[in-house]
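Reader: I'm new to looking at protein structures. Could we walk through this one together, feature by feature?

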Amino acid sequence: MRNNREEMVRSCERGIPVWVSVGCLLLCIHFHSVTVAGAALKQEAALDSGATVLNHSMSLVQRMEALLAMGNGSDVTLRVQTIGTDEVKVIPAHGLVLALQSDVFEELLLARNNSVVVLRETPECAAVFDKFVRYLYCGDISLRLDQAISLHKLASKYHVWGLQQGLTQYMTQHLSSESPTGHVVGWYSYALQIGDVALRDSCLQYLSWNLSSVLQSAEWGSISEDLLLSLLQRSDLILQSELELYEALEAWISQNQPVSATVETALRAVRYGMIPPQHLFRLQKQSALMLKYYESIRDLLYLAFQFHSASPIQLAKYFDVNCSIFTPRNYLSSSWGSPWVINNPTRDDRSYSFQTQLGPSGHDSSKRVTWNALFSPRWLPLSARSTYTELGAMQPTRTEGGRPRIIITPATSSPDFAGVSFQKTVIVMARQQGKVVVRHVYNFHQSTEEAGDFLVDADLQRRSSDYLIDSSLYLHIVIKPIYHTLLIARK
């Protein structure tokens with residue numbers, strides 16, 4: 001200890017601040033105690049199995065918070081100037097704490113000429129700077145949704161990585177929280193700006209999977225042009241119908257008044273083949289947007305009417321029916337699937353039947369396909385079970401070692417199925433922050449009956465499982481008929 005005190009004196013003589021030496025001393029003592037005495041401490045803990053740990057960390061945090069609030073022993077003053085205004089926020093602080101938490105603060109303190117450090121922050125960051133400093137002292141923080149980006153910017157700027165990661169996780173977990181004007185779009189734009197791919201993708205997935213609720217919120221009008229066009233290209237959007245998307249697009253254009261090129265690009269991304277002809281006729285006469293830009297999309301409308309009037313088999317001989325205008329999204333309306341609520345899903349096997357229209361073409365809209373869905377909480381893979389009984393019924397093989405499975409098959413076959421395959425999608429709903437949202441989406445390959453990874457990470461035994469709502473499994477099954485080009489007519 002005497003040598004340490006002499007080192008402090010020499011540090012002062014060299015012009016190095018005392019708090020730096022104190023910090024180094026504390027770190028050296030801590031490191032020494034861990035490396036030298038660590039083995040002995042572990043051995044003692046192993047021998048004395050009846051030892052009791054006294055934890056007073058909460059009282060330490062309280063004393064640190066009081067130290068910040070009272071300013072006792074403060075050796076540095078932070079002057080936070082709000083950019084563009086005369087507002088200044090003065091915060092007495094302690095250099096040792098700031099330097100231990102942030103290498104940026106450490107450099108600022110080393111470079112200062114006096115006890116004042118001047119910082120310039122945007123109004124949003126300046127407003128939460130006291131919360132940010134309190135985190136450096138106490139290690140916890142309370143925040144609202146609208147403060148997440150500002151605090152994330154401060155954590156990134158001052159290299160407080162633990163807080164930065166915690167805020168990223170907070171935003172990922174609070175996408176579904178209610179807010180007056182919405183926050184997911186803002187978080188997406190911020191993630192795009194800073195290059196946070198994980199947060200960006202989480203926001204984009206949330207918007208895509210919960211698009212119906214987003215379309216009806218105030219947040220829809222704040223979506224940027226780039227984000228709008230990106231969403232319109234996706235086939236995994238979950239919404240009631242393509243008509244709902246067109247009407248929401250019309251409202252967005254009316255509110256934002258983008259340039260004509262953006263409007264035309266957006267309108268050409270609408271899948272008019274998925275809108276029933278009676279609604280297309282109405283839009284042609286009543287939609288001010290369609291009347292104004294009719295020439296820009298006339299070819300798509302003409303193709304859509306051909307699609308609805310002709311047999312898909314005949315259409316496939318002359319047109320490429322694999323393009324996006326003929327590809328359904330995940331529509332929740334009754335023509336495309338059905339909800340299925342499974343109470344107490346771990347109890348036993350369940351079955352369910354529902355009908356969908358054969359295809360989106362008006363030619364097939366009156367034709368129905370009956371589907372059988374079979375759910376089992378503990379089911380072996382297909383290769384390990386008997387599939388049929390003597391009566392021809394599917395016979396599941398259950399086992400305690402199995403995991404949740406769902407199988408979806410057509411109840412009948414028909415010549416009308418020629419040229420059509422069916423994409424099966426199972427949507428799992430959950431309640432997050434008091435709001436029912438899409439928890440997961442499982443897509444079946446067109447040639448299979450089940451999704452191999454269905455609920456593979458779900459713990460249905462827990463009543464508080466993230467996959468359950470009031471102890472029930474809320475599913476929505478979507479059937480997406482896909483037409484295929486059969487042959488190409490020679491010119």
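This is a predicted model: local features need pLDDT of at least 70, side-chain atom pairs count only at pLDDT 80 or more; totals for chains, interfaces and linings use all residues.

Reader: How do I read the spacing in a helix?

Author: An α-helix has 3.6 residues a turn, so residues three or four places apart point the same way.

Reader: At what angle do the axes of α8 and α9 cross?

Author: They cross at roughly 155° and come within 8 Å. Angles over 145 degrees count as roughly antiparallel, and α8 and α9 are therefore roughly antiparallel to each other. As for handedness, α8 passes α9 in a left-handed crossing.

Reader: Which residues of α10 are buried?

Author: In α10, which covers residues 184-194, the buried ones are V184, V185, W187, Y188, Y190 and A191. Their cover includes α8 and α9 again, along with α11 (197-209) and α13 (225-232). Just after α10, look at the backbone: G195 takes a positive phi of about 80°.

Reader: Now the strands. What holds a sheet together?

Author: Strands of a sheet pair through backbone hydrogen bonds, either parallel or antiparallel. Here, 4 strands form an open sheet with antiparallel pairing, in the order β6-β12-β10-β11. The edge strands, β6 (337-343) and β11 (435-444), each pair on one side only. On average, neighbouring strands of this sheet are turned by 25° against each other, direction ignored.

Reader: How many bridges join β10 and β12?

Author: Strand β10 (residues 420-432) and strand β12 (residues 472-483) pair over 9 bridges, in the antiparallel sense. To find one of them in the viewer, pick F422: its bridge partner in β12 is P481.

Reader: Let's zoom in on one residue. Is I406 buried or exposed?

Author: Buried means under 20% relative accessible area. With a value of 0%, I406 is therefore buried. You'll find I406 in strand β9 (residues 403-410).

Reader: What does I406 touch?

Author: Leaving out residues up to four places away in sequence, I406 touches W340, L374, F375, V426, F444, E449, E450, A451, F454, L475 and I477. Take E450 as an example: I406 and E450 are 44 residues apart in sequence, yet 6.0 Å apart in space, C-alpha to C-alpha.

Terms used. Residues are numbered from 1 along each chain as its sequence is written. Side-chain values use heavy atoms; hydrogens and water are left out. Buried means under 20% relative accessible area, exposed over 50%, partly exposed in between (1.4 Å probe, protein chains only). Helices (H or I, at least four residues) and strands (E, at least two) are DSSP runs, numbered from the N terminus. Contact means heavy atoms within 4.5 Å. Two strands pair if DSSP finds at least two bridges between them. Axes are lines fitted to C-alpha atoms, for helices over the stretch in contact, and angles run from 0 to 180 degrees between N-to-C directions. Angles under 35 degrees count as roughly parallel, over 145 as roughly antiparallel, 65 to 115 as roughly perpendicular and the rest as oblique. A crossing is left-handed if the near helix is turned anticlockwise from the far one by less than a right angle, and right-handed if clockwise.
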